[in-house]
Amino acid sequence: MPMDSSTADNNNVKQVICIKWGTKYGADYANKLYGMVSRNITPPFRFVCFTDDTTDVRPEIEC
C-alpha cells in the first residue's frame, strides 16, 4: 500500500515523553529537558509531558 506524504512525514517524527508528577520536581525540569532535546535532536520531534500540573510548563511542550 503506497504512503501519501502526510503518512511518510508522520513516520519521521520523533517522540520524546517525560513524566512530571507530584511536587518533587517543578516545571523547570521539564522545561530544561525540552531545551536540551531541542538543541540535540534533528527535527521534527514531538515532546509530551504527562503531568498533574501544567503551571509554568513551556507552551511548546504538549501536556
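This tour goes from strand pairing to a helix, then to salt bridges and a surface patch.

The model is predicted: local features need pLDDT of at least 70, side-chain atom pairs count only at pLDDT 80 or more, and totals for chains, interfaces and linings use all residues. Residues are numbered from 1 along each chain as its sequence is written, and side-chain values use heavy atoms, with hydrogens and water left out.

**Stop 1: the strands**

Select residues 14-20, strand β1. Strands here are DSSP runs of E with at least two residues, helices are runs of H or I with at least four, and both are numbered from the N terminus. The two strands run parallel, joined by seven bridges. Strands count as paired if DSSP finds at least two bridges between them. Pick Ile 17 for one example: its bridge partner in β2 is Val 48. Now follow the chain from β1 through helix α2, residues 27-40, to β2; this β-α-β crossover is right-handed. To check the hand, point the strands away from you: the path from the first strand over the helix to the second runs clockwise in a right-handed crossover.

**Stop 2: helix α2**

Select Asn 31, in helix α2. Asn 31 is buried, at 16% relative accessibility. Buried means under 20% relative accessible area, exposed means over 50%, and partly exposed lies in between (1.4 Å probe, protein chains only). What lies 3.0 Å from a polar atom of the Asn 31 side chain? The backbone oxygen of Asp 56 does.

Move to Leu 33, also placed in helix α2. Leu 33 is partly exposed at 32%.

Next comes Tyr 34, in helix α2. Tyr 34 is buried, with a relative accessible area of 11%. Its C-alpha is separated by 9.9 Å from that of Val 57, 23 residues apart along the chain.

**Stop 3: the salt bridges**

Side chains of opposite charge can pair when their charged atoms come close. How many salt bridges does a search of the whole structure find? Two. The criterion is a side-chain nitrogen of Lys or Arg within 4 Å of a carboxyl oxygen of Asp or Glu.

Select Arg 46 and Glu 62: their closest N and O atoms are 3.0 Å apart. Arg 46 lies in strand β2 and Glu 62 in the segment after β2, so the pair ties together parts 16 residues apart in sequence. Both ends are partly exposed: Arg 46 at 36%, Glu 62 at 35%.

Then select Arg 58 and Glu 60, whose side chains meet in a salt bridge at 3.2 Å, N to O. Arg 58 is partly exposed at 28%. Glu 60 is partly exposed too, at 40%.

**Stop 4: the nonpolar patch**

Select Ile 17, Ile 19, Trp 21 and Phe 50, and show the surface. Together they form a nonpolar patch with about 510 Å² of accessible area. Areas come from the Shrake-Rupley method with a 1.4 Å probe; for residues, only the protein chains shown count as cover. Patch residues have over 30% relative accessible area and no salt bridge; nonpolar side chains (Val, Leu, Ile, Met, Phe, Trp, Tyr) are joined within 5 Å, like charges within 9 Å. Phe 50 is partly exposed, with 45% relative accessibility.

Key
Polar contact = N/O pair within 3.5 Å; in protein donor to acceptor, adjacent residues only side chain to side chain.
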